[in-house]
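Let us read a structure together, one feature after another. Look at the model first, then follow the dialogue.

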Amino acid sequence: MKIGTRPVIIAGNWKMNKTPMEAMQLINDIKDGLNSPKAKVVVCVPAIDIAAAAAACEDSCIMLGAQNCHWEKSGAFTGEISAQMLCAYDVRYCVIGHSERRQYFGESDKSVNLRAIACIESGIVPIICVGENLEQRQAGAEFDTVKSQLEKALENIAPQQMENVVIAYEPVWAIGTGKTATDRQAQEMCAFIRSLVKELKGDESARKTAVLYGGSMNRSNAAALLSMEDIDGGLIGGASLKAEDFLKIIDSAK
Ligand code: PGA
């Protein structure tokens with residue numbers, strides 16, 4: 001049984017997909033199909049889509065998210081976008097430290113921490129991603145891995161700021177592979193993450209911090225995953241790119 005003190009968040013992570021025109025179309029399709037959702041609905045779009053997506057989200061309950069941001073407000077950081085810049089478009093969430101950024105773009109625990117703090121300071125909720133790879137799970141190191149990532153990601157974040165932090169458990173072996181973690185595996189790690197938040201930031205933070213699961217969540221497995229006590233929502237890649245699938249997942253959040 002869920003305690004019901006935390007909102008359920010269904011966030012789409014579009015990754016490097018959709019042009020601005022396509023983004024507007026997809027958001028309009030989601031809007032058309034939304035039926036008093038029980039969850040907070042977020043779409044984390046590519047940077048180039050943000051302006052178009054912001055316009056499409058207007059007058060709807062769909063909230064806009066980004067996929068990354070830099071920790072400085074401005075400066076000589078070619079190719080980067082600051083958290084402050086995101087605010088110009090009412091971006092409410094930002095994915096931080098996704099495993100693809102860690103794996104392909106040299107994102108470190110330290111930069112994840114700095115980016116998360118920049119988000120919080122700009123009033124954007126960071127969705128901080130943690131999760132072990134297959135090798136680490138096979139070696140039984142999944143809890144140590146997540147513990148270390150989380151401890152570093154949450155450095156210098158005050159307990160009272162945790163209400164504006166979302167953590168996403170995304171086992172790397174489950175991302176884009178069609179190989180979802182079982183409900184038990186996902187629940188076990190999300191509960192572990194909550195216990196870590198309690199240890200690091202106190203009881204109230206642990207009760208208030210939303211912990212999402214991500215990794216091949218889809219219309220068929222969402223309801224079971226979302227019914228688990230410590231899973232407060234989903235970060236959804238592939239299945240968020242089709243309105244029908246994404247809407248089904250939103251509907252599964254009861
Ligand atoms: P997936 O991606 O749902 O396609 O596995 C999830 C994610 O990477 O956030």
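Q: What counts as a helix here?
A: Helices are DSSP runs of H or I with at least four residues, numbered from the N terminus. This is a predicted model, where local features need pLDDT of at least 70, side-chain atom pairs count only at pLDDT 80 or more, and totals for chains, interfaces and linings use all residues. Residues are numbered from 1 along each chain as its sequence is written, and side-chain values use heavy atoms, without hydrogens and water.

Q: Which helix gives the most to the lining of the largest pocket?
A: Helix H4 (residues 99–104) does, with 3 residues.

Q: How do I read the classes of a lining?
A: Ala, Val, Leu, Ile, Met, Phe, Trp, Tyr, Cys and Pro count as nonpolar; Asp, Glu, Lys and Arg are charged; the others, Gly among them, are polar. The lining of the largest pocket has 12 nonpolar, 5 polar and 4 charged residues. For the second largest pocket, the lining has 7 nonpolar, 2 polar and 4 charged residues.

Q: How do I read the angle between two helices?
A: Axes are lines fitted to C-alpha atoms, for helices over the stretch in contact, and angles run from 0 to 180 degrees between N-to-C directions. Under 35 degrees is roughly parallel, over 145 roughly antiparallel, 65 to 115 roughly perpendicular, and the rest oblique. The axes of H5 (residues 109–121) and H7 (residues 142–153) come within 8 Å and cross at roughly 45 degrees. Therefore H5 is oblique to H7.

Q: Which residues meet there?
A: Contact means heavy atoms within 4.5 Å. Asp109, Val112 and Asn113 in H5 meet Gln149, Lys152 and Ala153 in H7. These contact residues divide into 2 nonpolar, 2 polar and 2 charged.

Technical notes: Helix = DSSP H or I, 4+ residues; strand = E, 2+ residues; numbered from the N terminus.
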